[in-house]
Amino acid sequence: MNQIIKTIIQPVAASIMLLALTACSPPADNTSEKAAETSSAQSKSDFPHSFEKVAENTWVMHGPRELPNPQNKGFMNNPGIVKTSAGLVIIDPGSTLQVGKNVLAEVKKVSEEDIVAVFNTHIHGDHWLANQAVKAAYPDVKIYGHTNMLAEIEDGAGDNWVQLMDSMTEGASKGTIVVGPNNAVENSRIIKVGDTTFKIHNYGVAHTKTDIMIEVVENSVVFLGDNVLSLRIPRTSDGTFQGNIMAINNILESGAKTYVPGHGPTGDKTMVEAYRGYLTLVYEAAQKAFEEDLDSSDVLAISRETTTAYKDWPGYEKLLGPQGAQAYSEVEAAEF
Ligand SMILES: [Zn+2]
């Protein structure tokens with residue numbers, strides 16, 4: 001890219017990315033106590049996180065809730081392991097080279113087998129920049145991502161994420177480079193790894209334009225990416241309410257027993273339904289405002305009434321207003 005254009009574009013790109021990153025997880029409201037606990041845990045161990053078994057042959061490391069910072073080295077997502085007869089499969093290994101190395105050390109405590117495949121759920125860098133560490137340790141690893149994710153990386157999205165992670169962690173991610181997926185997948189694709197079946201779900205724009213949800217058929221597990229967060233308000237600015245709700249409706253038809261969100265605790269379908277409930281209430285508040293000839297700024301008064309069940313979810317106070325406005329513009333667009 002022309003250097004002059006680059007110097008203009010990069011700061012803009014970085015601020016857009018920051019918005020997108022917080023799409024993955026809201027700011028940690030009311031969490032100073034929790035943050036203090038985490039920071040004292042971090043002084044005991046450099047990486048105080050481990051994998052928990054959530055289903056047959058399936059483990060998840062539930063990452064911290066804070067945004068990337070120098071202490072957590074950018075780690076904030078939920079990496080997953082699926083053990084197959086042909087080796088290990090990793091879902092979303094994390095956010096930086098350093099985090100990836102730490103995650104790999106924890107993988108070894110679950111199984112000494114080789115990693116043969118990785119799935120990346122979407123373009124947000126906190127989920128996949130640690131691919132680099134996996135690829136360095138297992139050069140033949142297959143890395144799967146949605147076709148649109150490969151295209152966005154081709155257009156430079158990955159480099160912007162590297163830059164953002166470097167600035168948010170104040171250099172703790174130094175050395176991280178873009179290692180994107182090397183295998184493009186789309187909806188309905190079936191990938192067999194040993195005797196385990198991985199089924200790809202994508203129903204158009206949801207959390208982003210690049211989402212895949214990965215159903216592990218024999219284990220009755222779905223990795224949802226950020227199409228569902230657990231017990232926290234999402235940022236929705238890279239996606240749409242309608243698309244996200246539709247993706248959730250479709251994935252619930254899998255009838256899986258266990259659902260792994262992009263951030264927050266793993267659960268069953270009630271966790272997924274609770275999240276859909278929030279998106280639906282905000283969208284319905286926007287519809288009501290539109291039908292009553294009110295403005296986008298009036299959605300908040302309605303949604304505040306209907307979403308009280310979610311008021312303790314981190315991010316609620318900050319995001320309910322902007323999300324009402326976003327949903328209103330979607331309702332408007334749907335009318336014309
Ligand atoms: Zn995300």
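The questions and answers below concern a predicted model and go from the whole chain to single strands and a residue.

Q: How many helices and strands does the protein have, and what percentage of its residues count as buried?
A: The secondary structure of this protein comprises 10 helices and 12 strands. Of its 336 residues, the share that counts as buried is 49%.

Q: Which strands stand at the edges of the open sheet of five strands?
A: This open sheet has the order β8-β9-β10-β11-β12, and its pairing is mixed. A strand with a single partner has one side left without a neighbour in the sheet, so the edges are formed by β8 (190-193) and β12 (258-260).

Q: Which residue in β9 stands opposite isoleucine 191?
A: Strand β9 covers residues 196-201 and is joined to β8 by four bridges, the two strands running antiparallel. In general, strands of a sheet pair through backbone hydrogen bonds, either parallel or antiparallel. The residue standing opposite isoleucine 191 in β9 is phenylalanine 198.

Q: Why does methionine 213 count as buried?
A: Methionine 213 lies in strand β10, which spans residues 213-216. Leaving aside residues up to four places away in sequence, methionine 213 touches His201, Val222, Phe223, Leu224, Gly225, Asn227 and Ile251. The cut-off for a buried residue is 20 or more other C-beta atoms within 10 Å, and methionine 213 counts as buried because its C-beta neighbours inside 10 Å number 29.

Q: What distance separates the C-alpha atoms of methionine 213 and leucine 224?
A: Leucine 224 is among the residues that methionine 213 touches. The two residues are 11 residues apart along the chain, and their C-alpha atoms are separated by 4.7 Å.

Q: Which helix does the chain pass through between β4 and β5, and what is the handedness of this crossover?
A: Strand β4 (residues 87-91) pairs with β5 in the parallel sense over four bridges, and in this pair isoleucine 91 stands opposite phenylalanine 119. Between the two strands the chain passes through residues 97-110, which form helix α3, and the β-α-β crossover is right-handed.

Q: Which helix makes a β-α-β unit with β5 and β6?
A: Strand β5 (residues 115-119) is mostly covered, with four of its five residues buried. Its pairing with strand β6 (residues 142-146) is in the parallel sense over three bridges, and valine 118 stands opposite isoleucine 143 in β6. The right-handed β-α-β unit made with β5 and β6 contains residues 131-137, which are helix α4.

Terms used
Residues are numbered from 1 along each chain as its sequence is written. This is a predicted model: local features need pLDDT of at least 70, side-chain atom pairs count only at pLDDT 80 or more; totals for chains, interfaces and linings use all residues. A residue is buried if 20 or more other C-beta atoms lie within 10 Å of its own, exposed if 12 or fewer, and partly exposed in between; C-beta atoms are placed from the backbone. Two residues are in contact if their C-beta atoms, placed from the backbone, lie within 7 Å. Two strands pair if DSSP finds at least two bridges between them. A crossover is right-handed if, with the strands pointing away from the viewer, the path from the first strand over the helix to the second runs clockwise.
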